[in-house]
Amino acid sequence: MTELIVTTFKKYIGSIADYHLLVALSAAAFAYSSTLQLSITPDLALITLIFFATLMTYNVQNLLSRHTHLERETGAGLHTAFALAGAAGLLICLVNIDWALTYWLVPPALFSLLYTAPVVPCRGQRVGLREIPWLKLYLILFVWLWVCVVLPFAANQQSPDTDLFLLLLQQGFFLIALLIPFDIRDLSRDLPFQRTIPQIIGTRWSVRVAVAAVLLYGATAVIRYLNSAIDEEVFAALLLTGIAAGWLVALANESRSGHYYTVWVDSLLWLQLVLILLLTGLF
């Protein structure tokens with residue numbers, strides 16, 4: 001009975017991850033976490049918009065990607081359905097946010113849609129932005145930081161300060177630590193000329209770089225705490241998240257199942273928010 005429950009749980013969690021509901025939730029949670037760390041009142045309409053925009057974008061990317069032809073054959077209908085659901089939710093949320101923010105949505109939307117669409121000339125063929133040498137990780141990093149840190153900050157109409165820069169560094173190091181394992185997962189599908197970190201230095205050293213990024217994330221959190229930008233509870237939540245990230249990242253390798261990354265590694269993005277809410281008593 002227990003084995004049946006576990007198998008059923010894994011099946012449904014896997015399906016939720018495959019159709020990008022978990023990563024959409026993670027994006028919304030990461031934006032919420034960044035908002036709380038900046039002492040900004042969360043804009044729930046904007047957070048919800050980020051959820052639906054992520055849901056739409058990732059499913060559209062699946063439909064456009066030439067690397068997932070088998071998945072498109074077996075799951076194109078559901079990817080289309082979730083993409084349309086994301087688009088519908090996005091349109092509803094746009095009505096409830098400041099229209100000035102729509103201009104801030106253009107860069108991440110453009111880069112996200114071109115990420116897998118084979119429209120960019122490269123080496124005699126047309127590829128998505130993800131296949132341009134050196135660009136893949138940094139493109140994802142830019143989009144996530146823009147959506148989850150810069151956009152909530154812009155919505156609050158504050159002037160940039162030192163802590164915004166430090167938060168960008170902190171969350172950036174955290175994202176790098178999580179993105180490198182995904183490049184390890186993609187070693188068998190990425191094109192040889194893409195020049196991802198694992199392609200250049202191998203899996204073992206890539207894991208070490210990811211762990212170093214976790215340490216830099218923790219160091220930046222320490223600086224923010226010493227600057228009185230965050231209180232003890234938030235600081236503790238960030239360090240606990242870093243410990244969990246370091247553990248999961250250190251175990252990354254090519255033989256791990258895809259759900260190790262899309263379920264467990266991605267879960268670190270919403271774990272940061274959950275720990276902040278728990279330790280600060282906001283739950």
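This is a predicted model: local features need pLDDT of at least 70, side-chain atom pairs count only at pLDDT 80 or more; totals for chains, interfaces and linings use all residues.
**Helices α9 and α10**

Helix α9 spans residues 232–250, and helix α10 spans residues 258–280. The two pack at an angle of about 165 degrees. Their axes are 8 Å apart. Angles over 145 degrees count as roughly antiparallel, and α9 and α10 are therefore roughly antiparallel to each other. The crossing of α9 past α10 is right-handed.

**Helices α2 and α7**

Helix α2 covers residues 21–37. Helix α7 covers residues 162–185. α2 and α7 pack at an angle of about 150 degrees, with axes 11 Å apart. That angle makes α2 roughly antiparallel to α7. Their crossing is right-handed.

On the α2 side, Phe30, Ser33, Ser34 and Gln37 make the contact. On the α7 side, the residues are Asp163, Leu167, Gln170, Gln171, Phe174 and Leu175. The contact of α2 with α7 has four nonpolar, five polar and one charged residues.

**Leu167 in α7**

Leu167 sits in helix α7. Is Leu167 buried or exposed? Leu167 has 0% relative accessibility, so Leu167 counts as buried. Beyond its neighbours within four places in sequence, Leu167 is in contact with Ser34, Gln37, Leu38, Val149, Gly172 and Arg224. Val149 lies 18 residues from Leu167 along the chain. The C-alpha atoms of Leu167 and Val149 are separated by 8.0 Å.

**Aromatic pairs**

The model has 10 aromatic pairs. A pair of aromatic rings is described by the distance of the centres and the angle of the planes. Two of the pairs are set out below.

| Pair | Centre to centre | Angle between planes | Class |
|---|---|---|---|
| Phe51 and Phe52 | 5.2 Å | 80 degrees | edge-to-face |
| Phe174 and Tyr217 | 4.8 Å | 35 degrees | tilted |

The Phe174 and Tyr217 pair links distant parts of the chain. Phe174 is in helix α7, and Tyr217 is in helix α8, residues 197–226. The two are 43 residues apart. Phe174 is buried, with a relative accessible area of 0%. Tyr217 is also buried, at 1% relative accessibility. Phe174 also takes part in the contact of α7 with α2.

Elsewhere, Trp104, Phe111, Phe142 and Trp146 form one aromatic cluster.

Most residues other than glycine have a negative phi. Which value does phi of Arg195 take? Phi of Arg195 is near 60 degrees, a positive value in a residue other than glycine. Arg195 is found in the loop between α7 and α8. At 36% relative accessibility, Arg195 counts as partly exposed.

Ser228 has a positive phi too, near 65 degrees. Ser228 is found in the loop between α8 and α9. Is Ser228 buried or exposed? Ser228 has 64% relative accessibility, so Ser228 counts as exposed.

Terms used. Residues are numbered from 1 along each chain as its sequence is written. Side-chain values use heavy atoms; hydrogens and water are left out. Axes are lines fitted to C-alpha atoms, for helices over the stretch in contact, and angles run from 0 to 180 degrees between N-to-C directions. Helices (H or I, at least four residues) and strands (E, at least two) are DSSP runs, numbered from the N terminus. Angles under 35 degrees count as roughly parallel, over 145 as roughly antiparallel, 65 to 115 as roughly perpendicular and the rest as oblique. A crossing is left-handed if the near helix is turned anticlockwise from the far one by less than a right angle, and right-handed if clockwise. Rings of Phe, Tyr and Trp (its six-membered ring) pair if their centres lie within 6.5 Å; planes under 30 degrees apart count as stacked, over 60 as edge-to-face and the rest as tilted. Buried means under 20% relative accessible area, exposed over 50%, partly exposed in between (1.4 Å probe, protein chains only). Contact means heavy atoms within 4.5 Å. Ala, Val, Leu, Ile, Met, Phe, Trp, Tyr, Cys and Pro count as nonpolar, Asp, Glu, Lys and Arg as charged, and the others, Gly among them, as polar.
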